[in-house]
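Look over the sequence and the model shown below. The briefing that follows goes through the structure topic by topic.

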Amino acid sequence: MESDTPAEVSAAMDCDGNTDTFETVTSKRSHKRTRAAAEEDTVPAKRPQLPALSGDLLTGGSVEMRRVPVPAHRYTPLKENWMKIFSPIVEHLQLQVRFNLKTRNVEIKTCRETSDISALTRAADFVKAFVLGFQVEDALALIRLDELFLETFDVTDVKPLKGDHLSRAIGRIAGKGGKTKFTIENVTKTRIVLADTKVHILGSFQNIKMARMAICNLILGSPPSKVYGNIRAVASRAAERF
């Protein structure tokens, strides 16, 4: 497209006024003007508004299931507290749950009403915590709160003990009347279950780390008074940090 600006017309003419020997050239200024106008005309696109997908669509319509095995010594507590376990899973998480008498497993599965895709994992962790020996009220925190975890380790993983030495290590963790265990729980804001040589800890990542450090020191032979001082110092530093 040819431009009729005076500068371009004069540039296209020779000395005699003939325009045969020169070709008209568009100026750079016109390019800059058209480019600036095009940039002004472009309006940033709005972010698309996409509706949230239901849990049924996220899983592709397939039904997912989790099975939590129940040992024999937890049958009676499970039967006594079944309604406390059943209600939050069905009413709040919108899942289906049953106890399979043949396989002795608690089976949890999704359904069409399930809206949260992470509800199945929360429910499985909740039932697993109860099976490991935690109270229902403590295990419910896994459903209500985020950033809570379960950790399990064996006393012999810290130090290979046998016989009376193993029994004394477990006794140091519990303390007289459970005093040592309760003190560690209160200072580190965790819940601890001692089941034979297994130690189960429920809490946040940082609190589990403090409780595990205290329990390992007790297993290795540190006196409880020294362990109390160490975890109180660590807990106070963590509180000041946050």
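Which residue in S3 does Arg 66 stand opposite? Arg 66 stands opposite Ile 108 in S3. This is a predicted model, in which local features need pLDDT of at least 70, side-chain atom pairs count only at pLDDT 80 or more, and totals for chains, interfaces and linings use all residues. Residues are numbered from 1 along each chain as its sequence is written, and side-chain values use heavy atoms, with hydrogens and water left out.

**The chain as a whole**

- The chain has 13 helices and six strands; helices (H or I, at least four residues) and strands (E, at least two) are DSSP runs, numbered from the N terminus.
- Of the 242 residues of the chain, 31% count as buried, where buried means under 20% relative accessible area, exposed means over 50%, and partly exposed lies in between (1.4 Å probe, protein chains only).
- Among contacts in the chain with a separation of 6 or more, 55% come from residues 24 or more positions apart; a contact means heavy atoms within 4.5 Å.

**The sheet of S1, S2 and S3**

- Strands of a sheet pair through backbone hydrogen bonds, either parallel or antiparallel.
- Three strands form an open sheet in the order S1-S3-S2, with antiparallel pairing; two strands pair if DSSP finds at least two bridges between them.
- Strand S1 (65-69) and strand S2 (96-100) are the edge strands, and each pairs on one side only.
- On average, neighbouring strands of this sheet are turned by 20 degrees against each other, direction ignored; axes are lines fitted to C-alpha atoms, for helices over the stretch in contact, and angles run from 0 to 180 degrees between N-to-C directions.
- S1 is joined by five bridges to strand S3 (residues 105-109), and the two run antiparallel.
- S2 and S3 also pair in the antiparallel sense, over five bridges, and Val 97 has Ile 108 in S3 as its bridge partner.
- Four of the five residues of S3 are buried, so this strand is mostly covered.
- The hairpin of S2 and S3 has four residues between the strands, and Arg 104 in this hairpin takes a positive phi near 60 degrees.

**Helices on the sheet**

- H5 lies across S2 and S3 and runs at about 145 degrees to S2.
- H6 packs on the sheet, where it touches S1 and S3, and its direction makes about 5 degrees with that of S1.
- Helix H6 (residues 119-132) has 14 residues and should span 20 Å at 1.5 Å a residue, which agrees with its end C-alpha atoms being 20 Å apart; the expected span is 1.5 Å times one less than the number of residues.
- The buried residues of H6 include Ala 119, Leu 120, Phe 126 and Phe 130.

**Aromatic rings and charges**

- A pair of aromatic rings is described by the distance of the centres and the angle of the planes.
- The structure holds two aromatic pairs; rings of Phe, Tyr and Trp (its six-membered ring) pair if their centres lie within 6.5 Å, and planes under 30 degrees apart count as stacked, over 60 as edge-to-face and the rest as tilted.
- Trp 82 and Phe 86 form a tilted pair, at 6.4 Å centre to centre with 40 degrees between the planes.
- Both of these residues, Trp 82 and Phe 86, lie in helix H5 (residues 82-92), four residues apart, about one turn of the helix.
- Phe 86 counts as partly exposed because its relative accessibility is 29%.
- The charged end of Arg 74 sits over the ring of Phe 130, 4.8 Å from its centre; a charge sits over a ring if NZ of Lys or CZ of Arg is within 6 Å of the ring centre and within 35 degrees of the ring normal.
- Arg 104 lies over the face of Tyr 75, at 4.6 Å from the ring centre.

- His 200 in S6 is the bridge partner of Thr 152.
- Strand S5 (residues 191-195) pairs with S6 in the antiparallel sense over five bridges, and Leu 202 in S6 is the bridge partner of Arg 191.
- Strand S6 (residues 198-203) is largely enclosed by the rest of the structure, because five of its six residues are buried.

**Ala 214**

- Ala 214 is found in helix H12 (residues 205-219) and is buried, with a relative accessible area of 1%.
- Not counting residues up to four places away in sequence, Ala 214 touches Ile 184, Val 227 and Ile 231.
- Ala 214 and Val 227 are 13 residues apart in sequence and 6.0 Å apart in space, C-alpha to C-alpha.
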